[in-house]
Amino acid sequence: LIDKPNGEQIRLGDVAQVRIAPVPTVIKHDAVSRYIDVSADVQGRGLSAVANDVEDGLSALQFPLQYHAEVLGEYEERGRAGERLLGLAVTAALGIFLLLQAAFSSWRLAGLTFLTFPTALVGGVVAAFAVGEDLSLGSLIGFLAVLAIAVRNGIVQISHYQRLEEEGREPFGVGLVLRGARERLAPTLMTALATALALLPLIVSGSIPGQEVLQPMAVVILGGLVTATVLNLFVLPSLYLHFAPGPQPATSTEPLASDLAFNPATSD
């Protein structure tokens with residue numbers, strides 16, 4: 001029986017010819033197990049949200065013995081890629097911390113600077129939320145790119161402060177960080193502006209075929225550039241002023257006047 005639009009039911013044989021006939025069939029196998037693919041395209045919602053709903057629905061079904069369902073495709077590949085990126089991100093974070101220590105020659109300054117870098121990612125999170133993007137492979141790549149930009153700007157900025165101080169052109173203090181910030185203002189803004197202009201076409205074109213990864217990545221990077229630039233120009237100078245080792249006391253090899261003694265036996 002099948003339903004009619006008016007709610008009545010009729011036999012399928014009344015509207016169609018039903019018969020059993022041999023037809024060519026392709027039976028797919030995975031090892032010794034037969035399987036059939038049920039594919040679908042997702043529109044209007046994030047892939048992760050739809051896949052979670054499908055898994056919840058499958059968990060409520062009772063399959064016959066030796067039958068089961070798996071959610072595969074892009075969702076599975078994204079999960080595997082996310083796990084790989086997480087492992088690489090931890091390794092990269094350790095490498096970044098060691099690089100900061102080597103650049104600043106200070107564990108305290110390296111640790112404090114490293115802890116501020118996640119603040120640069122806030123802009124990427126806000127931008128992704130504003131355009132309705134879910135956490136995807138492109139978004140994860142965008143976050144890593146924003147972190148790399150923040151680390152690069154931070155190393156250049158603080159190294160510039162240390163160079164000004166070491167060369168004696170500016171003593172440690174407020175004047176040092178203000179001068180360093182002014183001298184690094186134009187390069188920092190030009191870097192952010194050039195990157196933003198390169199990413200703008202990807203954002204304006206939207207999520208079109210072929211840009212499934214590039215578009216969310218561009219959104220995250222553009223948002224992260226804002227907070228990364230603010231962090232580099234305003235937060236890092238203040239942190240350097242308050243937590244940098246500061247000028248080291250001068251050490252002299254000349255004997256002090258109090259250490260000199262008059263020996264009358266050797267005097268003329």
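Just after helix 6, Gly168 adopts a positive phi of about 75°. The model is predicted. Helix 6 itself runs from residue 137 to residue 166. At 1.5 Å a residue, its 30 residues should span 44 Å. The end C-alpha atoms of helix 6 lie 43 Å apart, which agrees with that expectation.

The secondary structure of the protein comprises eight helices and four strands. Along the sequence, the elements follow the pattern β-β-α-β-β-α-α-α-α-α-α-α. The protein has 268 residues, of which 28% count as buried. Contacts between residues at least 6 apart in sequence were also examined; 64% of them join residues at least 24 apart.

The largest nonpolar core holds 30 residues. Within this core, Leu100, Phe104, Phe117, Ala120, Ile158, Ile221 and Tyr240 touch the most other members. Five helices each supply at least two core residues: helix 3 (74-104), helix 4 (107-116), helix 6 (137-166), helix 7 (174-205) and helix 8 (214-243). The largest share comes from helix 8, with nine residues. In soluble globular proteins, nonpolar side chains tend to be buried together.

Phe117 sits in the loop between helix 4 and helix 5 (122-130). Its relative accessibility is 1%, so Phe117 counts as buried; the cut-off is 20%. With residues up to four places away in sequence set aside, Phe117 touches Leu100, Leu147, Ala150, Val151, Gly154 and Leu231. One of these partners, Leu100, is also among the core residues that touch the most other members. The C-alpha atoms of Phe117 and Ile149 are 9.8 Å apart. Along the chain, Phe117 and Ile149 are separated by 32 residues.

Ala192 is placed in helix 7. At 14% relative accessibility, Ala192 falls under the 20% limit and therefore counts as buried. Beyond its neighbours within four places in sequence, Ala192 touches Leu225 and Thr229. Ala192 and Thr229 are 37 residues apart along the chain, yet their C-alpha atoms are separated by 7.2 Å.

Leu193 also belongs to helix 7. With a relative accessible area of 47%, Leu193 is partly exposed, whereas Ala192 is buried. Leu193 contributes to a nonpolar surface patch. Met190, Leu197, Leu200 and Val204 make up the patch together with Leu193. The patch covers about 520 Å².

A search of the whole structure returned three salt bridges. Arg179 pairs with Glu183, with the closest N and O atoms 2.9 Å apart. Both residues lie in helix 7. Because Arg179 and Glu183 are four residues apart there, about one helical turn separates them. An α-helix has 3.6 residues a turn, so residues three or four places apart point the same way. Glu183 has a relative accessible area of 34% and is partly exposed.

Another salt bridge joins the side chains of Lys4 and Glu8, at 3.5 Å from N to O. Lys4 is partly exposed, at 31% relative accessibility. Glu8 is likewise partly exposed, at 45%. Asp37 forms a salt bridge with Lys28. The closest N and O atoms of that pair are 3.4 Å apart. Asp37 is partly exposed, with a relative accessible area of 48%. Lys28 counts as partly exposed as well, at 39% relative accessibility.

Key: Residues numbered from 1 in each chain as written. Predicted model: local features only at pLDDT ≥ 70, side-chain atom pairs only at ≥ 80, totals over all residues. Heavy atoms only, no water. Core = buried A, V, L, I, M, F, W, Y, C linked by side-chain atoms within 4.5 Å. Buried < 20%, exposed > 50% of the residue type's maximum accessible area, 1.4 Å probe, protein only. Contact = heavy atoms within 4.5 Å. Expected span 1.5 Å × (residues − 1). Patch = residues over 30% accessible without salt bridge, like charges linked within 9 Å, V, L, I, M, F, W, Y side chains within 5 Å. Areas by Shrake-Rupley, 256 points an atom, 1.4 Å probe, with all protein chains shown as cover. Salt bridge = Lys/Arg side-chain N within 4 Å of Asp/Glu carboxyl O.
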